[in-house]
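The sequence and structure come first.

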Amino acid sequence: MNSEQLNTIKKYAKEQMVKLGLHGWPHIKRVERLCVLISKYEAGDEGLDLEVLRLAALLHDVAKHLEKKGDSGDHGDDGAVMAQNFLRSIGFDEAKASLVSHAIRVHTHGEEPLSVEARILHDADFLDKQGAVGIASVFIKACLTDKTIEEVAEMYASENPKPSYVAKHIRWLKKQQFYTETAKRIAGKRDGIVHAFFEALKNELDVEDF
Ligand SMILES: [Fe+2]
Ligand SMILES: [Fe+2]
């Protein structure tokens, strides 16, 4: 991949992500950085294709704005097709475009990833819903849907909160579902941050006098 191709890919990915709103493109940059970090520990004897991984990270949510509008049943499925067509159109060979497409397709609906690049993308994407970034995302969603700090704390404390946009993100904060050992280690650290934060929040909200 030359720098001209990379710039074209970033421009395309950013255009799609901006349609989702302010937080779309920063998510892609975080996932790309996490992918590169995890790849350092997960290459194994067979190695991995860092170019495929970075392309998959940059393009993995290109169809999410369609899903949000109701024009896509699954942004993994549709994003895989969009990414494959786009990569072909700028001169990538079929083998590379297919590997990127596979990683994007399986990042959403629980289908078993068949490549190390797909496993890493899945884990990096999921890690970005956890830890301090995950907490920040929950409160952004709370703000967007008129939920108070107290309501967020109650949803976190509840085993089975009433379904809502915020409750979905809280469920992701608690969920641990990773393929790679490296992601599991990072998730363990992030999980500690989440527990400590909500414990501290509960203590502050419970104060009656001092
Ligand atoms: Fe996604
Ligand atoms: Fe994502």
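The buried residues of H3 pack against helix H1 (3-18), helix H2 (24-42), helix H5 (75-89), helix H6 (94-105) and helix H7 (116-127). Helices here are DSSP runs (H or I, at least four residues) numbered from the N terminus, as strands are (E, at least two). The buried residues are Val 52, Leu 53, Arg 54, Leu 55, Ala 56, Ala 57, Leu 58 and Leu 59. A residue is buried if 20 or more other C-beta atoms lie within 10 Å of its own, exposed if 12 or fewer, and partly exposed in between, with C-beta atoms placed from the backbone.

The model is predicted: local features need pLDDT of at least 70, side-chain atom pairs count only at pLDDT 80 or more, and totals for chains, interfaces and linings use all residues. Residues are numbered from 1 along each chain as its sequence is written, while chains are lettered from A and ligands numbered from 1 in the order in which they are written.

**Helix pairs**

Two packed helices are described by the angle between their axes and the distance between the axes. In the table, axes are lines fitted to C-alpha atoms, for helices over the stretch in contact, and angles run from 0 to 180 degrees between N-to-C directions.

| Helix pair | Angle | Axis distance |
|---|---|---|
| H1 and H2 | about 135 degrees | 7 Å |
| H8 and H11 | about 45 degrees | 7 Å |
| H9 and H11 | about 125 degrees | 11 Å |

The angle of about 135 degrees between H1 and H2 makes H1 oblique to H2. Angles under 35 degrees count as roughly parallel, over 145 as roughly antiparallel, 65 to 115 as roughly perpendicular and the rest as oblique. On the H1 side the contact involves Ala 13, Lys 14, Met 17 and Val 18, and on the H2 side Gly 24, Trp 25 and Ile 28. Contact between two residues requires their C-beta atoms, placed from the backbone, to lie within 7 Å. By class, the residues of the contact of H1 with H2 are 5 nonpolar, 1 polar and 1 charged. Ala, Val, Leu, Ile, Met, Phe, Trp, Tyr, Cys and Pro count as nonpolar, Asp, Glu, Lys and Arg as charged, and the others, Gly among them, as polar.

H8 and H11 pack at about 45 degrees, which makes H8 oblique to H11. Here Gly 131, Ala 132, Gly 134 and Ile 135 of H8 meet Arg 190, Ile 193, Val 194 and Phe 197 of H11. That contact is made up of 5 nonpolar, 2 polar and 1 charged residues.

H9 (residues 149-157) also packs on H11 (residues 181-206), at about 125 degrees, and this makes H9 oblique to H11. H9 passes H11 in a left-handed crossing, a term for a near helix turned anticlockwise from the far one by less than a right angle (right-handed if clockwise). Glu 150, Ala 153 and Tyr 156 of H9 meet Phe 198, Leu 201, Lys 202 and Leu 205 of H11. The residues of this contact are 5 nonpolar, no polar and 2 charged.

**Domains**

The domain assignment gives domain 1 (3-111) and domain 2 (131-206), with bounds from an automatic or database assignment. Their C-alpha centres lie 26 Å apart. Between them, 5 residues of domain 1 are in contact with 5 residues of domain 2. The side of domain 1 that touches domain 2 has 2 nonpolar, 1 polar and 2 charged residues.

**Single residues**

Ala 13 is found in helix H1 and counts as buried, with 24 C-beta neighbours inside 10 Å. Leaving aside its neighbours within four places in sequence, Ala 13 is in contact with Ile 28, Leu 58, Leu 59 and Val 62. Its C-alpha atom is separated by 9.3 Å from that of Ala 83, 70 residues apart along the chain.

Asp 77 is found in helix H5 and is partly exposed, with 18 C-beta neighbours inside 10 Å.

Asp 146 has a positive phi of about 60 degrees although it is not a glycine.

Lys 162 lies in the loop between H9 and helix H10 (165-174) and is exposed, with 9 other C-beta atoms within 10 Å. The C-alpha atoms of Lys 162 and Leu 53 are separated by 37 Å.
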